[in-house]
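Open your viewer, keep the selection tool handy, and follow along from stop to stop.

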Amino acid sequence: MVGKRRNKNTSYAAGRTNEPLAPAPSVAKNPEGNVTLLARITACAVIVALAAVVFSLVTVGGSQGELAAMKATSANAVVAKAAIPKNTVITEDLVETTTVPTTYIEEQCATATQEVVGKTTLTAIAAKGQIGSNDVAGPANTSSLAATVETDWFAASVSVDAETGLGGLLLQGDYVDVLAGGRPIMENVRVIALDASLTEPLSEYSTVTLQVSRADAEALQVAQFDDPVRLVLHAAAQGRS
């Protein structure tokens with residue numbers, strides 16, 4: 001007797017040859033976290049928009065006392081003119097500065113557009129949403145090494161001692177030249193970390209991480225095999241040329 005062919009896509013309970021297992025109930029994803037985050041972002045954007053309207057009305061029709069009181073409890077905040085997607089390089093036309101009650105200004109919020117222009121967004125930013133240093137990749141963001149490195153640049157580390165590393169006097173944000181064999185192989189590169197510290201000054205360190213181009217990263221790797229690498233510090237007023 002020929003048995004019935006089972007559907008290969010149907011599962012059967014152990015010990016039962018004729019009863020397929022009921023399909024597992026689908027588990028609905030809990031959207032509570034996403035809804036809460038969206039609500040907070042929307043609320044902040046609405047607050048910024050309302051604050052701008054109120055400030056404009058007081059400026060136009062209010063007394064000098066009202067205007068002074070408003071300014072005393074408000075501060076500048078950089079916000080997005082329209083929604084900005086993740087991984088977008090911020091340009092002047094994408095952001096603006098507005099006045100917001102200090103109670104509603106987010107931590108690390110930028111106060112001038114120059115602080116964020118040219119940097120890349122690490123997350124999507126809602127229209128009228130505040131933009132902080134932790135929202136963009138660049139020198140102001142010290143939440144991680146990857147966020148500290150500017151767009152199209154790379155991080156590379158060199159081993160140093162007290163002599164080749166300027167006696168423990170380097171700081172994050174300094175600019176140095178890199179010498180190997182008595183000759184410069186890189187010029188005017190930014191120090192982004194000392195050992196594992198992106199912000200804390202260290203009086204002793206054995207590794208300095210630099211922001212370099214891809215070509216310089218390759219040259220640096222080769223140079224360290226041949227000769228000790230020495231760092232030469234630029235004047236603070238000189239910075240990047």
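How many salt bridges does a search of the whole structure find? The search returns three, a salt bridge being a side-chain nitrogen of Lys or Arg within 4 Å of a carboxyl oxygen of Asp or Glu. A note before you click: this is a predicted model, where local features need pLDDT of at least 70, side-chain atom pairs count only at pLDDT 80 or more, and totals for chains, interfaces and linings use all residues. Residues are numbered from 1 along each chain as its sequence is written, and side-chain values use heavy atoms, leaving out hydrogens and water.

Start by selecting K128 and E96, whose side chains form a salt bridge at 2.5 Å, N to O. K128 sits in the loop between β3 and β4 and E96 in strand β2 (residues 95-101), so the pair ties together parts 32 residues apart in sequence. (Helices, H or I of at least four residues, and strands, E of at least two, are DSSP runs numbered from the N terminus.)

Next, pick E150 and R190: their closest N and O atoms are 3.9 Å apart in a salt bridge. E150 is in the loop between α3 (145-148) and β5 (154-159), while R190 belongs to strand β7 (residues 183-194), 40 residues away. R190 is buried at 6% relative accessibility, whereas E150 is partly exposed at 23% (buried is under 20% relative accessible area, exposed over 50%, partly exposed in between, with a 1.4 Å probe and protein chains only).

Finish with E163 and R230, a salt bridge at 3.1 Å, N to O. Here E163 is exposed, at 54%, and R230 is partly exposed, at 34%.
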